[in-house]
Amino acid sequence: MPGPVGRAARRLTELERSRLAGPADPAPTRPTHPDPGPIHPIPSDPRRLIRYLAARMPIALLGGALLVLTGGGVGFAAVMVGAWLAGSPNTTTTDVLILIPSGLALFALASYGLVGLAKSDRALARRLLEPDRNEVLRRRVDELAASRAGVVEAVHEERRRIERDLHDGVQQRLVALGMLLGRARRGGDPARTDELLRQAHEQAQQALIDLRDVAWRIHPTGLDDGGLRAVLETIAERSPVRVGLTYHVAAEPAPIVATAVYFVVAEAITNTVKHAHAGAVTVSVAGTEGNAVRVRIVDDGVGGADAAGGGLSGLARRVAALDGTLRVDSPPGGPTTITAEVPCA
């Protein structure tokens, strides 16, 4: 296929695609979802584009003819009514009375015809531009392969983070605890021994707290006991910044969905505390009509969050593994808005 012809066909198809895609019918973000509508990514094969443009030529010609006839009819009716109002002897009241019902009937037929042509145009675009079954399967396989690779990478990063937490937190406190107990065992001064035992007791308590935090980051046991809402309320209460939580989910989500929502909220609040210098965070969790859970976290910090950073990219991979989506909007100066939608089915 000649290059200029293919490029011209692509430009014309892009114009048609823009014309067919309106505010109520945006291009789908996931073309593999059921019933995505007639607007799809433009095929790369120029022959398909030329075949589509040739097939819609009769529709375009018929639509243009209807528009011309409708415009001519409206203009003719306006001239006759104007002449009648001006008192022209060539236009009588009988002519106008005959013109009005027949003109309205013809206008209604033309309108129905234009509506039908518009539906036919969209159906033709759906039939000739949408990907075939093999292409849909290829896209789905690519999507699942990327999701699988993302899950493996997210699990690897999570394992390394847990190792760092255990090494830098719990292990160091246990080493300090052992040193304190060793010094207390060797000491001969009762008062000094009591002081070392007190410090050892404090280290043991702090080690338990650190170990509990690590366990919560692996899997929050509160999800099994009190459900997602109770766990999110616990996060809000423990946060050093003010967190406002709204929760509107009718039924308790599946454990895997609740876990993903928990990690999204927990990681977002942790990033806010570490980097955003925010004073308040708003968290809203709600069910959607499409049987999904939508999470929205907004902070009043300085903004500039990097969606490709380790924490947020890991969350995106975790959500994508469930066929969900995660968006980060963080302009410099703030606010930062993180929106995640996780399907329940």
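Which side chain makes a polar contact with the side chain of T336? Select T336 and S330 together: their side chains form a polar contact at 2.7 Å, the term denoting a pair of N or O atoms within 3.5 Å in which, within protein, one must be able to donate a hydrogen and the other to accept it, residues adjacent in sequence counting only if both atoms are side-chain atoms.

This is a predicted model, in which local features need pLDDT of at least 70 and side-chain atom pairs count only at pLDDT 80 or more, while totals for chains, interfaces and linings use all residues. Residues are numbered from 1 along each chain as its sequence is written, and side-chain values use heavy atoms, with hydrogens and water left out.

Staying with T336, which is found in strand β5 (residues 336-343), a DSSP run of E with at least two residues, numbered from the N terminus, note that T336 counts as buried because its relative accessibility is 6%, buried meaning under 20% relative accessible area (1.4 Å probe, protein chains only). Not counting residues up to four places away in sequence, T336 touches, among others, I297, V298 and D329, where contact means heavy atoms within 4.5 Å.

Next, select V264, V283, V285, V295 and I297, which touch the most other members of the largest nonpolar core, a set of 35 residues; such a core consists of buried Ala, Val, Leu, Ile, Met, Phe, Trp, Tyr and Cys residues joined through side-chain atoms within 4.5 Å. Its largest share, 11 residues, comes from α9. Finally, a second, separate core of eight residues can be found by selecting its members L49, L117, A125 and L129, among others.

Methods: Helix = DSSP H or I, 4+ residues; strand = E, 2+ residues; numbered from the N terminus. Buried < 20%, exposed > 50% of the residue type's maximum accessible area, 1.4 Å probe, protein only.
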